Amino acid sequence: MELSKFDVQYEPRGPIKGQVYADFVVELSSADAHQEEANFWWVLSVDESSNQQGSGAGVILEGPNGLLIEQALRFAFKANNNQSEYTTLIFGMLLAKEMGAQSLLAKSDSLLVIGQVTGEYQAKDPQMAAYLGYL
C-alpha cells in the first residue's frame, strides 16, 4: 500500500528459477553422469594471496560435462603464503569431495606445498606438518 503512490507493483517470480535448480540436480544425479564421472579426472586449480591487509584465495574446480565452480575466499586470520596455499588446497579438496569427485588433479603455483604433498620435500615446520597431516 505504501508503495502504490510510486506506481510500484509486486509481481512474484515464476517457477522458472525453481525449474533451473531441479534440472541441475537431475543432470548431476543421472546414471550416465555417474558413470562418466567415475572415469573423469576433476581438475582443481588453487592460488592464494597474502599481504599486510590480509589473505585470500581463488579456487577453480572443473568437473564433468563442462561443470565449472569458481570460488573466491577471504581468510579471517593472518597467514603467510604457504599457510594460505595449504588452506586453499584443503578447501578445494573438500569442495571436490562434496561434489562427488572420485579422481582429482590438483594444480598450484607453490613449489613448497606441492613438493611436500608429493613427498619430494619434508615438512620441517610444525605448522606445515600439521597442514600436511590433514591431507
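**A chat about the fold**

Reply: Let us start with one residue in this predicted model: Y86 is buried, because its relative accessible area is 0%, and buried means under 20%.

Me: OK, and how many aromatic pairs does the structure hold?

Reply: The structure holds one aromatic pair, and it is formed by Y86 and Y131, whose ring centres are 5.4 Å apart and whose planes are at 5°, so the pair is stacked.

Me: Which parts does that pair tie together?

Reply: Y86 lies in helix 3, residues 81–98, while Y131 lies in helix 5, residues 126–134, so the pair ties together parts that are 45 residues apart in sequence.

Me: Switching topic, what order do the elements run in?

Reply: The protein chain has five helices and four strands, and from the N terminus on they run α-α-β-β-β-α-β-α-α.

Me: And which residues have the most contacts inside the largest nonpolar core?

Reply: Those are L44 and L61, in a core of 19 residues; strand 1 (41–51), strand 2 (54–62), strand 3 (68–75), helix 3 and helix 5 each give two or more residues to this core.

Me: Which element gives the most?

Reply: Helix 3 does, with five residues.

Me: What does L61 touch?

Reply: Leaving aside residues up to four places away in sequence, L61 touches several residues, among them W42, L44, I69, L95 and M99.

Me: Last one: how much of the chain counts as buried?

Reply: Of the 135 residues in the protein chain, 28% count as buried, and the accessible surface of the chain comes to about 9800 Å², with 55% of it belonging to carbon and sulfur atoms.

How values were computed:
Residues numbered from 1 in each chain as written. Predicted model: local features only at pLDDT ≥ 70, side-chain atom pairs only at ≥ 80, totals over all residues. Heavy atoms only, no water. Buried < 20%, exposed > 50% of the residue type's maximum accessible area, 1.4 Å probe, protein only. Areas by Shrake-Rupley, 256 points an atom, 1.4 Å probe, with all protein chains shown as cover. Phe/Tyr/Trp six-rings, centres within 6.5 Å; stacked < 30°, edge-to-face > 60°. Core = buried A, V, L, I, M, F, W, Y, C linked by side-chain atoms within 4.5 Å. Contact = heavy atoms within 4.5 Å.
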